[in-house]
Amino acid sequence: MTKAAVRPLMETFSADKGFDMNKGKGALRLIGLVLCFVVLSVQAQGAVSMPAFSLPAAADGAVVASEAYRGKAMLITFFATWCPPCLQEIPALKELQTKFDPQGFAVVALSVDEGGAGTVAQLMKKTGINYQVLMADQATTRNFGGVAAIPTSFLVNKHGQVVKKYPGFVPHGLLERDIESVL
């Protein structure tokens with residue numbers, strides 16, 4: 001920005017006179033118009049229905065359908081056993097499962113591991129996972145809008161609507177607060 005462009009702004013607000021309303025009206029109008037444009041251009045994003053799935057459980061291979069969770073709030077999290085942030089989330093997910101299960105909540109982890117269910121089952125045993133872990137397929141990741149990075153989680157309300165997406169590691173306090181809001 002040139003000195004010639006800055007000078008009118010400096011004259012609008014000076015330390016010795018304060019804000020000059022006569023000179024500042026144009027700037028205020030411009031700021032107001034920009035704010036109105038920003039507010040009006042942001043689209044309100046409503047909740048969308050959670051994609052249906054039927055996937056094998058990592059522990060025993062039994063097929064679990066999303067219908068089994070009808071009427072429950074859920075945190076669906078895509079993860080892999082080789083992903084450090086995914087592993088870091090496990091203790092928080094276990095705690096959330098324990099705390100909110102009585103209120104109609106479930107954590108459902110969808111593994112994108114290519115090595116098979118055996119590796120995932122070993123992790124479950126080693127870490128004492130207390131929530132459902134299923135083996136995701138390409139159709140499921142695509143139906144959830146394409147999972148570009150892991151972990152990626154989706155908060156689903158009791159009506160089966162995805163109300164929030166979390167790309168990456170999510171702090172425990174944020175998850176807890178958001179889960180409480182859908183129970």
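Six nonpolar residues, one polar and one charged make up the lining of the largest cavity, and that is where our tour of this predicted model begins.

**Stop 1: the cavity.** Select Thr77, Phe79, Cys86, Glu89, Ile90, Leu93, Ala109 and Tyr131, and you have the residues around this space. Its volume is about 50 Å³. Searching the whole structure for cavities of 30 Å³ or more turns up one. Rolling a probe the size of a water molecule over the atoms is what shows where empty space is left.

**Stop 2: the elements around the cavity.** Now colour β6 (73-79) and α3 (84-100); each of them supplies at least two residues of the lining. Which element gives the most? Look at α3, which contributes four residues.

Stop 3: Next, move to the second largest pocket, with a volume of about 230 Å³. Select Met50, Glu67, Arg70, His159 and Gly160: among the 16 residues that line this pocket, these are the closest to its centre. The lining of the second largest pocket divides into six nonpolar, six polar and four charged residues.

**Stop 4: confidence along the chain.** Finally, colour the model by pLDDT. The chain averages 82, and 74% of the residues score at least 70.

Terms used: Residues numbered from 1 in each chain as written. Predicted model: local features only at pLDDT ≥ 70, side-chain atom pairs only at ≥ 80, totals over all residues. Heavy atoms only, no water. pLDDT = per-residue confidence, 0-100. 1 Å grid on protein atoms, 1.4 Å probe; cavity = no way out; pocket = protein on both sides within 12 Å on 5 of 7 lines; lining within 4 Å. Points joined across faces, edges and corners; volume = space filled by probe spheres on them. Nonpolar A, V, L, I, M, F, W, Y, C, P; charged D, E, K, R; others polar.
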